[in-house]
Amino acid sequence: MTTTPAQEIPRRPLALITGVGRTVGIGAGIARRLASSGWDIAFTYWTPYDLRMEWGVEQGATEAITAELTKRGAASVAIEADLTDPDAPGRVLDEAESRLGPVTALVMCHAESVDSGLLDTSLESFDRHFAVNARASWLLIRAFGLRFRSAPGTGRIIALTSDHTVGNLPYGASKGALDRITLAAAHELAHLGVTANVVNPGPVDTGWMSPEAKQSLASATPAGRLGTPQDTAHLVDFLCSPQGRWINGQLLMSNGGLA
């Protein structure tokens, strides 16, 4: 009598999502959505950044996010990474691969964002913004491209951007560089079957807005509301799906029609 081997359960693809430090953030929203759609998740966070910001550190956030991903059937790993360190992107990919396997989608939500304008931006702040928002993003994309070994047509690169520059010079300028770096990947990594897109999520309230900013931005949006992490997550989920593979090399405005 012969026996039939048990059918192997297909391996879930792995998404690496950077900048997932708070449960209310866009990165966490994307991680939850992709986990529900069948992805395993590696995510990065950097506690000293949150400590510098007005909102502070959310105690237990990493554990809470991990628990939510587990409920959605995803294996996950949380990686603390200082993206001002040029060696960090390679180490992040190393840990993600060693723990969960090859990375199929790279979703970059990390950011350095400290308001300052043309006349009061310091050299240190300017350099830090470009190190995190532009250089680290390039190094992550480069490491992803050099290591990519998933099936052709399945690879995805998605970066979150912003068009805010007035009073926020180093952030906006470094995000502009991020746009160009990411869109170049759509062409330079085409031989791998990898698509690359940039998403501008518009005004998403994750705890940083003043009441005045909330009112002003909501009133400037046709729907009369601010964006949510889920709004961005649904778009990223589509772009990462097989149905989203024809969208490539685009800067997508997902902002509710903000004037």
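Which hand does the crossing of α5 and α6 have, left or right? In this predicted model, the crossing turns out to be right-handed. The two helices pack with their axes 9 Å apart, at an angle of about 15°. Angles under 35 degrees count as roughly parallel, so α5 ends up roughly parallel to α6. On the α5 side, the contact is made by Ser-125, Phe-126, His-129, Phe-130, Asn-133, Ala-134, Ser-137, Trp-138 and Ile-141. Facing them from α6 are Pro-170, Tyr-171, Ala-173, Ser-174, Ala-177, Leu-178, Ile-181, Thr-182 and Ala-185. By type, this contact holds twelve nonpolar residues, six polar and no charged.

Helix α6 itself covers residues 169-188. Its 20 residues, at 1.5 Å each, should span 28 Å, and the end C-alpha atoms sit 29 Å apart, which agrees.

Another helix pair is formed by α1 (residues 26-36) and α3 (residues 61-71), which pack at an angle of about 20° with axes 8 Å apart. These two are therefore roughly parallel to each other, and α1 passes α3 in a right-handed crossing. Here α1 brings Ala-28, Ala-31, Arg-32 and Ala-35 to the contact, while α3 brings Ile-65, Glu-68 and Leu-69. Five of the residues in this contact are nonpolar, two are charged and none is polar.

Note on methods:
Residues are numbered from 1 along each chain as its sequence is written. This is a predicted model: local features need pLDDT of at least 70, side-chain atom pairs count only at pLDDT 80 or more; totals for chains, interfaces and linings use all residues. Side-chain values use heavy atoms; hydrogens and water are left out. Axes are lines fitted to C-alpha atoms, for helices over the stretch in contact, and angles run from 0 to 180 degrees between N-to-C directions. Helices (H or I, at least four residues) and strands (E, at least two) are DSSP runs, numbered from the N terminus. Angles under 35 degrees count as roughly parallel, over 145 as roughly antiparallel, 65 to 115 as roughly perpendicular and the rest as oblique. A crossing is left-handed if the near helix is turned anticlockwise from the far one by less than a right angle, and right-handed if clockwise. Contact means heavy atoms within 4.5 Å. Ala, Val, Leu, Ile, Met, Phe, Trp, Tyr, Cys and Pro count as nonpolar, Asp, Glu, Lys and Arg as charged, and the others, Gly among them, as polar. The expected span of a helix is 1.5 Å times one less than its number of residues.
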